[in-house]
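Please look over the chain shown here.

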Amino acid sequence: MPHPVLRRAVAAVALALPLLSACMGPPRRPGAALPPRPGSMVAIGGATFEMGTDSSELPALLTRFGTTRTGLFAAEAPKRRVRLESYLMDRFEVTNAEFAAFLERRPEWRPDRIPARYHNGDYLRNWASALHPSGKGDHPVTFVPWAAARAYCESVGKRLPTEAEWEYAARGGVKGDAFPWGDTMPDSSSANWSGARIGGTAPVGRFPPNGYGLYDMAGNVWEWVQDPWEAAGSDGQQRYGIRGGSWEAAAVNLRVRYRDSHPATAASANVGFRCARPGTMPRGGGPSRR
């Protein structure tokens, strides 16, 4: 029969294990999103790749997406070779909580102080003063015009990604696939888009990452890029590129090559951003999480 001291020790361990398990939380499901880490980035090696779409590919695209609107794909042409230097990309879209911390550091970008020339009157319209929507600290920030997105990135030593960097990163290292996850059409488990029927933003990282470990490169919110659009809008406003589709987008908008634009001053419910910066690959090559 076990010694009384040994019995007490075994009992103490038995009591401690459930407490330890509770502290650690449930095991993460294979493929489940990692919890967001502010500033987490993925290093992507320099490469030459074919960006965009050839006009010869348009008939197949029109058939696949059941449309006759050739204009949907016109901005992607022509396909061209682009050389990229090594860079780092944010693993997640910038969240409400991260943007709130930016407003603390840079109060001149608060809604009551930002110059009117930078926005359309809807800047952070879903916030109460400098407080983000309750319970949505881990959702991507929205209602942010291009200048505020750029200012945020600069405040943390980064910048908005170029459009070429964004497209190459979205592919996740797989050549030729239509979407960040591959060539299959999206469903409710692929991304936060209209077909997922969420009806608004979702916490960043809720859906599986692409091959580079980047989350929400399709859906959730459109993402501002650094590049100005080729032409001003009909209202004469400067426009900038947006990529990736959003929670209310159609399947065609989730394609890694799909291009669209937005007025620089527009602050909208379906547009957010992530940041990038120049960087080199760690020894051994291949994407890495930082």
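What follows is a short account of the fold, the core, the aromatic contacts, the pocket and some backbone details.

## Basis and overall fold

This is a predicted model, in which local features need pLDDT of at least 70, side-chain atom pairs count only at pLDDT 80 or more, and totals for chains, interfaces and linings use all residues. Residues are numbered from 1 along each chain as its sequence is written, and side-chain values use heavy atoms, with hydrogens and water left out.

The chain has six helices and 10 strands. These are DSSP runs, numbered from the N terminus: helices are H or I with at least four residues, strands are E with at least two. Of the 290 residues in the chain, 49% are buried. Buried means under 20% relative accessible area, exposed means over 50%, and partly exposed lies in between (1.4 Å probe, protein chains only). Among contacts with a separation of 6 or more, 75% are between residues 24 or more positions apart. Contact means heavy atoms within 4.5 Å.

## The nonpolar cores

A nonpolar core is a set of buried Ala, Val, Leu, Ile, Met, Phe, Trp, Tyr and Cys residues joined through side-chain atoms within 4.5 Å. In soluble globular proteins, nonpolar side chains tend to be buried together.

The largest nonpolar core has 46 residues, and F99, L103, W109, W224 and F273 touch the most other members. Helices α2 (58–64), α3 (71–74), α4 and α5 (146–155) each supply at least two residues of this core, as do strands β5 (222–228) and β6 (239–243). The largest share, seven residues, comes from α5. Apart from this core lies another, of 20 residues, among them V42, F49, Y212 and A276.

Which residues of α4 are buried? They are N96, E98, F99, A100, F102 and L103. Helix α5 is included in what covers them.

## Aromatic pairs

Rings of Phe, Tyr and Trp (its six-membered ring) pair if their centres lie within 6.5 Å; planes under 30 degrees apart count as stacked, over 60 as edge-to-face and the rest as tilted. By this rule there are 15 aromatic pairs. In one of them, the rings of F99 and F102 have their planes at 55° and their centres 5.1 Å apart, so the pair is tilted. Both residues are buried. They lie in helix α4 (residues 96–105), three residues apart, about one turn of the helix. An α-helix has 3.6 residues a turn, so residues three or four places apart point the same way. Ring pairs extend this into a cluster of F99, F102, W127, Y152 and F273.

W109 and Y118 form a stacked pair, 5.4 Å centre to centre with 25° between the planes. The charged end of R117 sits over the ring of Y118, 4.6 Å from its centre. That term requires NZ of Lys or CZ of Arg within 6 Å of the ring centre and within 35 degrees of the ring normal.

## Accessibility of selected residues

| Residue | Relative accessible area | Class |
|---|---|---|
| W109 | 10% | buried |
| Y118 | 24% | partly exposed |
| L124 | 2% | buried |
| T162 | 19% | buried |
| R197 | 77% | exposed |

T162 is found in the loop between α5 and α6 (163–170). Leaving out residues up to four places away in sequence, T162 touches V225, Q226 and D227.

## The largest pocket

On a 1 Å grid over the protein atoms alone, a pocket is an open set of points where a 1.4 Å probe fits, with protein on both sides within 12 Å along at least five of seven lines; lining residues have an atom within 4 Å of a point. Grid points are joined across faces, edges and corners, and a volume is the space filled by probe spheres set on the points.

The largest pocket has a volume of about 240 Å³. Its lining has 14 residues, of which F49, E50, R171, K175 and G176 lie nearest its centre. Strand β2 (residues 47–51) gives the most to this lining, with three residues.

## Backbone details

Most residues other than glycine have a negative phi, and most peptide bonds are trans. L124 has a positive phi of about 50° although it is not a glycine. L124 lies in the loop between α4 and α5. R197 also has a positive phi, near 55°, and lies in the loop between α6 and β5. A cis peptide bond joins A77 and P78, with omega about 0°. P78 is placed in the loop between α3 and β3 (80–84).
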